[in-house]
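Please look over the sequence and the model shown below before reading on.

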Amino acid sequence: MKPFNEHNPQSAKDMKPGEYSLHGDVIIFAEDKQPKGFDKMEKVKDDCVAYGEATGHAHKIFGDEGSFDLRECPTTKIRHLHVVRPVMFKHQEHSPIVVPPGHYRIGIQTEYDPYEKLSRQVID
């Protein structure tokens, strides 16, 4: 596996609720508060936001101990992130991105093919 990209970190600073930032095929949505039941959701143990289907590479969060809490809703499988102190998203093929304190919902981009009239997830 390639080492994580450490070059030219970008920033998602000043994201307001309803806005988003992209990190490859991952979308980071800023939320105004934690979702209901956040504290009861299961913690994501490997700090991995998403794995690349094509390459096996990972979008992973790096930060000091206690600087973030990443959890997954058991019914929807949506990952939610609470950031206390700035953290960094890293991936082997993308520039790292700094995420400021706040509440976030993590998703995967979708694309629409107007010819086939199909929506599908973007594969990283």
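## The largest pocket

The lining of the largest pocket is made up of six nonpolar, three polar and two charged residues, where Ala, Val, Leu, Ile, Met, Phe, Trp, Tyr, Cys and Pro count as nonpolar, Asp, Glu, Lys and Arg as charged, and the others, Gly among them, as polar. This is a predicted model, in which local features need pLDDT of at least 70 and side-chain atom pairs count only at pLDDT 80 or more, while totals for chains, interfaces and linings use all residues. Residues are numbered from 1 along each chain as its sequence is written, and side-chain values use heavy atoms, with hydrogens and water left out.

The space in the largest pocket comes to about 170 Å³, a volume being the space filled by probe spheres set on grid points that are joined across faces, edges and corners. A pocket here is an open set of points on a 1 Å grid over the protein atoms alone, where a 1.4 Å probe fits and protein lies on both sides within 12 Å along at least five of seven lines, and lining residues have an atom within 4 Å of a point. Eleven residues line the largest pocket, and those closest to its centre are V49, A50, K77, R79 and I108. Strands β5 (48-51) and β11 each give at least two residues to this lining; strands are DSSP runs of E with at least two residues, numbered from the N terminus.

## Three salt bridges

Side chains of opposite charge can pair when their charged atoms come close. The whole structure holds three salt bridges, each defined as a side-chain nitrogen of Lys or Arg within 4 Å of a carboxyl oxygen of Asp or Glu. In one of them E31 pairs with R105, with 3.3 Å between the closest N and O atoms. Because E31 belongs to strand β3 (residues 26-31) and R105 to strand β11 (residues 102-108), this pair ties together parts that are 74 residues apart in sequence. E31 is partly exposed at a relative accessible area of 28%, and R105 is partly exposed at 29%, where buried means under 20% relative accessible area, exposed over 50% and partly exposed in between, with a 1.4 Å probe and protein chains only.

Another salt bridge joins the side chains of R71 and D69, at 2.9 Å from N to O, and both R71 and D69 are buried. R79, which is among the residues closest to the centre of the largest pocket, forms a salt bridge with E72, the closest N and O atoms being 2.8 Å apart. In that pair R79 is buried, with a relative accessible area of 19%, whereas E72 counts as partly exposed at 21% relative accessibility.

## Two loop residues with positive phi

D47 lies in the loop between β4 (42-43) and β5, and its phi is near 60°, a positive value in a residue other than glycine. At 26% relative accessibility, D47 is partly exposed.

K77 is found in the loop between β7 (68-72) and β8 (79-83), and phi of K77, near 65°, is likewise a positive value in a residue other than glycine. K77 counts as exposed, at 54% relative accessibility.

Which residues is V87 in contact with, leaving aside its neighbours within four places in sequence? They are I61, F62, G63, S67, F68, I97, V98 and V99, contact meaning heavy atoms within 4.5 Å. V87 and F62 are 25 residues apart in sequence, and their C-alpha atoms are 5.7 Å apart in space. V87 lies in strand β9 (residues 87-91) and is buried, with a relative accessible area of 3%.

Notes: Helices (H or I, at least four residues) and strands (E, at least two) are DSSP runs, numbered from the N terminus.
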